[in-house]
Amino acid sequence: MVVDPDTTPAGRKIIHVDMDAFYASVEQRDDPALRGKPVAVGGSSRRGVVAAASYEARKFGVRSAMPSVTAKRQCPALIFVPPRFEVYRDISHQIRAIFRDYADEVEPLSLDEAYLDVSADKAGLGSATAAAKLIRERIHAETGLTASAGVSYNKFIAKLASDQNKPDGLTIIPPGKGAAFVQTLSIRRFHGIGPVTAAKMEGLGIFSGADLAAMDGVWLATHFGNSAEWLHNLARGIDHRRVKSNRPLKSLGGERTFFNDLITDTEIREALAHVCTVVWDRAAKKGARGRTVTLKLRYADFRTITRARSVTAPILDGASLLAAGEAILGPLLPTEQGIRLLGVTLSKFEDEEDDDEDTAAPADLFSLI
Ligand SMILES: [Mg+2]
């Protein structure tokens, strides 16, 4: 295979997996009476919207996000089924468990699609194509549903590829073939170009990837500002984004560096209270219930110490976080040296084993200056 050095770090292999008409297919799987029929998942009421349409319904032009009234007009035989999100969520966990047998880096885009970075060949299959085949087979065997997959050297092309032969399709775009592939496609299919931008492009005479590739950087910058470089790259099949897996939250914290070193107990305690407020605010937003609090202090001479304390019951409010912080700080006061930085981290979360990608966030520390 020819590796185009311009396109991606050499050797990167990405699979994009996308379940076919996911919600509608689940309903057809679970109710034989719906098989082979035009099905819309969603409400049939006046204000209802189609959440997903079976392939039989799509033949009539029924699409997701379409008002149910319009859908019914397009396809009078359309059968509406209320969504069962718990079921979709369970299946989503099933397929993500399959993905993890083939890749450590898995980035879900929604319940039914994800990017996998299979560069490391976790399953030892020798090729990304082999992994994609197995993943599709296992999804079918274990869920009774079909998925389409795209294999390529970056996320942008892998996603376009998975959409190329739907349903139940597998499309491989090897390095060196990406630019030509992208240039044959309508810009309407480009992930990241929304309807508004697409309409603007069409107004400027850009309908396909080839039209986009014909425009130079200056022209693109004139019309699309900051997006110019990104668009320039897309038209050439270039996309450097990494697959970002959502790992369970491990710790969450904040720290503050002071313009003037803190000397008195009062100002140090005030600083602690401030940082704890900010940390608790973030913890509360994420629903994170930690049991270990770590205090970090950096002195005027840059000596840095950390002291941790674990509590038996998870910290459920800002006052408890502050109390734990004060319990650590107390023995360190009064200070002989000024303090230039104070940080608080909360960790050992209750749901550390919970890997629900919809709620978990990457471990993060933020800095307050
Ligand atoms: Mg899908």
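Modeller: What follows is a set of questions about labels, asked of a predicted model.

Biologist: Why is the aromatic pair of F85 and Y88 called edge-to-face?

Modeller: The angle between the planes is 85°, and over 60 degrees counts as edge-to-face. The centres are 5.6 Å apart, within the 6.5 Å limit for a pair, so the label holds. Both residues lie in helix α4, 3 residues apart, about one turn of the helix. Ring pairs also link F85 and Y88 with F22 and Y23 into a cluster.

Biologist: Why does F85 count as partly exposed?

Modeller: Its relative accessibility is 39%.

Biologist: What makes Y88 buried?

Modeller: Y88 has a relative accessible area of 0%. Buried means under 20%, so Y88 is buried.

Biologist: How do you know that the side chains of D163 and R189 meet in a salt bridge?

Modeller: The N to O distance is 3.5 Å, and the cut-off is 4 Å, so the pair qualifies. Between domain 1 and domain 3 the count is 1 salt bridge.

Biologist: How much area do domain 1 and domain 3 bury between them?

Modeller: About 920 Å², with 68% of it on carbon and sulfur atoms. In domain 1, F156, L160 and Q164 lose the most area to domain 3, together 54% of what that side buries.

Biologist: Why use lost area at all?

Modeller: Interface size is often given as the accessible area lost when the parts come together.

Technical notes. Residues are numbered from 1 along each chain as its sequence is written. This is a predicted model: local features need pLDDT of at least 70, side-chain atom pairs count only at pLDDT 80 or more; totals for chains, interfaces and linings use all residues. Side-chain values use heavy atoms; hydrogens and water are left out. Rings of Phe, Tyr and Trp (its six-membered ring) pair if their centres lie within 6.5 Å; planes under 30 degrees apart count as stacked, over 60 as edge-to-face and the rest as tilted. Helices (H or I, at least four residues) and strands (E, at least two) are DSSP runs, numbered from the N terminus. Buried means under 20% relative accessible area, exposed over 50%, partly exposed in between (1.4 Å probe, protein chains only). Buried area is the accessible area (1.4 Å probe) that two parts lose on being put together, summed over both.
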